[in-house]
Amino acid sequence: MLNTGQMNPPDNALPNAAQDILDTANRLRWEVGNSAHEKIVETIYTDAARIADRAVVYPDTPPRFNLDRTIDHLVTSRIWGFPLMILLFTLVFWITIVGANYPSAFLSWLLLDEVYPLLKEGSAFIGLPWWLDGLLLDGMYLATAWVIAVMLPPMAIFFPLFTLLEDFGYLPRVAFNLDNIFKKSGAHGKQSLSMMMGFGCNAAGVVSTRVIDSPRERLIAIITNNFALCNGRWPTQILIATLFVGALVPAYLGGIISALAVVGVAMLGVLMSFAVSWSLSRTWLKGEASTFSLELPPYRPPRFWQTIYTSLIDRTIYVLWRAIVFALPAGAAIWLIANITIGGTSLAAYMVNFLNPLGLIFGLNGVILLAYVVAIPANEIVIPTVLMLTVLMTGASQYGAGAGVMFEASHQETMTLLQAGGWTLLTAVNLMLFSLLHNPCSTTIYTIYKETGSRRWTTVAALLPLVMGFAVTFIVAQVWRLFSLMG
Amino acid sequence: MTTSVKIPAGHNCATCPAHNLGNLTKLGINMENWDYVVALAGNPNTGKSTIFNALTGLRQHTGNWPGKTVTRAEGGFEFGGHRYKIVDLPGTYSLLSTSLDEEVARNFILFGQPDVTIIVADATRLERNLNLVLQVLEITDRAVVALNLMDEARRHGITVDERSLARDLGVPVIPTAARSRQGVPELLQAVNDVATGEYVCKPHRIKNEPPALKSAIRALVEQLEIAFPGLPNVRWVALRLLDGDQRIIEAVKRGELGDLTRDDPGQTNGDLVLQLQEVQHA
């Protein structure tokens, strides 16, 4: 391509030509001096100002009341900023929890009480062999039905609400409120933006750290992104909070207390994010926080129906689909390990019994630990896995027709089931904590590797939260037991 | 303002192709055999992704906050008998900076050589947006300015004389309100005119730089033209070299600058395309 004209130097001369150009540039740079850059920028700014001045006519008198500024004074105020933020998010979760109850119960009734027996009858009618019937219906179908019944309703309410807040312009204000704390932690203020993305999906959050120009601060943002609760983990938080925390208070307070518990765990994640950023920027990733300007966009009335539509189609269905894709093989795998026996004991029982003592030390149990191993590809299937394994471990006969079967899914039934599996309030609290603090899903780990290009930092990002999760649940379990002994 | 698309039937405009969005075929992610490549550049949060979605029928995530798009998104559409590939770039305040998202935008405008660059500007913050517009016009000859968020400007009582703006910038300026699809047909027509060469841009260029700088640029441009014949935007490359831009110095060293003369924009920056695809499928 370079060798078409007569004036071109021969091929081997090209590096020299390049070197000549760079030499000339260096020499001229000294002649022109440092002011070249500033001169150009100055010229651009002057021209921009002149052109804009000619074209734009602003209103003569600025309006006396500026709604945007009034809202901003309130939501970014030192005193009201944080309480308003907590209030707003609590409201969002309260609507989600209260609103999801009814459709959740309906879906479990439909998929588990109505459709499942029909499928069983059909399979008996066409004479499927027991193992195929088990694998398809008791394994794959039930796991998928669980995912839909448990996850679809809260997602279909939570995502549109969150997207409405985003469309309105509230998220940059949250970032503005958090910016100061991030700076004090030695991290980049824009980390608050990548954290916001992480509340949707950590893999997306990790990619969004590209807005941060300093590699040191970008690495901190990548490592701490996992502390933002993602799509796959919100349903776990919401369900467990509803079942165990909400049950502690009278029914009319249940919704709001559960919502506060979820907000509490999310806030703990934000705190962890600060704490880890602070420690990293004082140990392995030393350095000063750089400054930047964050533009607060104008509030825009959200396009209500369009937002509802796109968040339902793009986020809800997308996440649900991902969950189903992972739940199908997971359901099959769980059914298999529950039905393949060695010496009269199933593989699942061996594994759970092996992990149980370890789980109990951390206030969890073997079922939860096994579920987290199964759920490495996707956090979404933790709850279905926990439930299926619990049915199995508590003697399935009282709950369904065979091992791995789950008939009832309304909250009361789920609660009874889990309690029969030895669950206490401590188990529930520690599951919520462990759901916040554990290794990122495999997609996120892969994304971290792609973005950092470093095995070492990927390992740190994967293991650090896991270690923290074990540490936190261990401490909580010990303190809890100490107090129960004293009480 | 002439941004309304609601034109009474029987009026001459109603039969004009520019007012007929029916001429637009949204091709989604189908971008095969494109005739022209269009890039969407602009400050953060000015509505680039909204325009992208309006043209392609895709649903690239839009949200009311700066920094939403950090990678390139690509889509296709057909208008006036031509097939277009359109690339949504991350928002940037300048083309001189260092962060990865801004690098993605700059590299594409520079190395990807789009046939037309749509520069999306926020009508309510025109002066600051013009800083980027002028920088893009330093690099490319073929651009259209979409003066977006006109609805918001109107609400705040701000009026913008798009004719004066077009005269000063030397490229078409189309007022739009992409959220409600206003001005989109006119924008498409302008893109079409610039792409086909029916409209020849005379973009605004920096003229009043100090004499010492002027002669330095001239000297460097001469050398660059010999080493890299057919290189577009030589002047800009010379300016960046004088400024000590590491990325451009590297490109000269590795002979990558030669890639700038390539005809097929789809072939450059393969790694970025891969990066984007991986992110989208993650």
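Modeller: Two strands pair if DSSP finds at least two bridges between them. Helices (H or I, at least four residues) and strands (E, at least two) are DSSP runs, numbered from the N terminus. The model is predicted: local features need pLDDT of at least 70, side-chain atom pairs count only at pLDDT 80 or more, and totals for chains, interfaces and linings use all residues. Residues are numbered from 1 along each chain as its sequence is written, and chains are lettered from A in the order in which they are written.

Colleague: What makes strand 5 and strand 6 of chain B a pair?

Modeller: The cut-off is at least two bridges. Six bridges join strand 5 (residues 116-122) of chain B to strand 6 of chain B, so they pair. They run parallel. B:Asp122 has B:Asn148 in strand 6 as its bridge partner.

Colleague: Why is the unit of strand 5, helix 4 and strand 6 of chain B called right-handed?

Modeller: With the strands pointing away from the viewer, a right-handed path from the first strand over the helix to the second runs clockwise. This β-α-β unit, with helix 4 at residues 126-139, is right-handed, so its path runs clockwise in that view.

Colleague: What makes strand 6 of chain B mostly covered?

Modeller: Buried means under 20% relative accessible area (exposed is over 50%, partly exposed in between; 1.4 Å probe, protein chains only). Six of its six residues are buried. B:Ala143, B:Val145 and B:Leu147 lie on one side, B:Val144, B:Ala146 and B:Asn148 on the other.

How values were computed. Side-chain values use heavy atoms; hydrogens and water are left out.
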